[in-house]
Amino acid sequence: MRTDIPADRRGSFARAVKALVVPRPIAWVSSLSAAGLDNLAPHSFFTVASLTPTIVQFVSNGEKDSLRNIRRTGEFVVNLAPAQLFAQINATGTDYPAEISEFDAVGLTREPSLTVAAPRVAESPAAIECRLHREPMPIGDSFLVFGEVTHVAVDTAAMGERGPLVEALRPIARLGYDEWAELGRVRTVRRVPYRDAVPEADLP
């Protein structure tokens, strides 16, 4: 037995899809306007687009300050959104006027980036500095933004032998409606190559 969700003008499909495509990592994007005013906003449609070159992508739902700033300057930073900063992350999703900096509004500290002008969030345990890879792509009522990674900075305490430790970073994720999630059980399982998974007699 399944429940069919009818199409209507209130966005039932969109709400259902957002509740089903979960958990979604958060790109906590800091950017600068052409006049030098910084902006900070969470975007929950976020992932890696390419490894070589290393490119991340996020979606701006509508034309927001982040998108306008990135178009004009060609730079931005994706700050990791950790559980301990949940209140500030949620607060930066408020539609502040463009002349108000979310850093100041929610009490966060600016930290200079190494390769871009946009500041990093000093309280965040990790940051991905990016330059705009191509003109943001309009898709429906949204815009897909590609950023080529120019630098990555991670707190030393959150680094292990192989790289960043997710348990130390404690990222939060977006779910459906007004729901959020924190890191749950973490399993470590390596992929098994085909030749190891199939009996030798059955290999071609």
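Biologist: To start, what do β4 and β5 form, and how many residues lie between them?

Modeller: A hairpin, with four residues between β4 and β5. Keep in mind that the model is predicted: local features need pLDDT of at least 70, side-chain atom pairs count only at pLDDT 80 or more, and totals for chains, interfaces and linings use all residues. Residues are numbered from 1 along each chain as its sequence is written, and side-chain values use heavy atoms, with hydrogens and water left out.

Biologist: What makes β4 and β5 a pair?

Modeller: Two strands pair if DSSP finds at least two bridges between them. Strand β4 (residues 46-50) and strand β5 (residues 55-61) have four bridges, in the antiparallel sense, so they pass that test. One of the bridges joins threonine 47 to glutamine 57 in β5.

Biologist: And how do you know that β1 and β12 pair?

Modeller: β1 and strand β12 (residues 173-174) have two bridges, again antiparallel, and at least two is what the rule asks for. Arginine 24 has arginine 174 in β12 as its bridge partner. As for counting them as strands, a strand is a DSSP run of E of at least two residues, a helix a run of H or I of at least four, both numbered from the N terminus.

Biologist: Which strands stand at the edges of that open sheet, and why?

Modeller: The order is β1-β12-β13, with antiparallel pairing. β1 (24-25) and β13 (180-181) each have a single partner strand, so one side of each has no neighbour in the sheet.

Biologist: Why is serine 33 called buried?

Modeller: Buried means under 20% relative accessible area, exposed over 50%, partly exposed in between (1.4 Å probe, protein chains only). Serine 33 comes out at 18%, so buried is the word. Serine 33 sits in the loop between β2 (27-32) and β3 (38-43). Leaving out residues up to four places away in sequence, serine 33 touches Asn69 and Thr73, where contact means heavy atoms within 4.5 Å.
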